[in-house]
Amino acid sequence: MQSPAPMEAMLHRPAVRRLFGALNRYMMVPYLRLGLGPLIGNPFTGYIMVLKTRGRKTGRVRYAPVNYAILDGNVYCLSGWGGASHWLRNLAADPQVELLMPGGAVRGTAEVVTDPDEALRAGRAVLIAGGFAGFAFGFNPRTVPDDLLRAGAKDTPVVRITPTGLAAGASDPGGWLWMLAFAVMAWLVLGRRRSR
């Protein structure tokens, strides 16, 4: 059986990185900050959360949408860009993170998984929960044998986030859900005025 092609080669193409960057910045982050996560997460598109990290150089809040899985009370995600991922380097500098998940917001402490068995189990779960994105490694994450999964994802860190408490969600102060409510109300008011 042939080893799967590494995801790194495809993802490090500048055009692919720009596309993912634009989708993340202008679609996924705003959707999740508006509290629309439950509307976009499903087995096909995958289940997505936003990591809120502190920039290691600027100290400013940074947002990174990632696929995730919940196992044994912990939240796991993968760094698809490998060690070059900015959010992963931010977590190395400050492991305290907030997660904007479809069901709410959580604070936690992040660390890269070093146990190979835990990394294999969690990595497979994240790839399965990632929907079609889980196939980017060149195999079906549900059926690929363990040795091929290890080989195909060897340069992809698995991150474990241990929850430490609740965080401010989309409808809490500082959240964006008010924007959606305002837009709907404005649309209703303007729509009524135009129909007269």
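How many residues line the second largest pocket, and which of them lie nearest its centre? The second largest pocket is lined by 16 residues, and A119, L120, A153, T156 and V158 lie nearest its centre. A pocket here is an open set of points on a 1 Å grid over the protein atoms alone, where a 1.4 Å probe fits, with protein on both sides within 12 Å along at least five of seven lines; lining residues have an atom within 4 Å of a point.

The model is predicted: local features need pLDDT of at least 70, side-chain atom pairs count only at pLDDT 80 or more, and totals for chains, interfaces and linings use all residues. Residues are numbered from 1 along each chain as its sequence is written, and side-chain values use heavy atoms, without hydrogens and water.

Six strands form a closed barrel in the order β1-β2-β3-β6-β5-β4, with antiparallel pairing. Strands are DSSP runs of E with at least two residues, helices runs of H or I with at least four, numbered from the N terminus; two strands pair if DSSP finds at least two bridges between them. Strand β4 (residues 96-101) is joined to β5 (residues 104-112) by six bridges, and M101 stands opposite G104 in β5.

| Pocket | Volume | Top contributor to lining |
|---|---|---|
| Largest | about 1,500 Å³ | α2, 10 residues |

Volume is the space filled by probe spheres set on the points, with grid points joined across faces, edges and corners.
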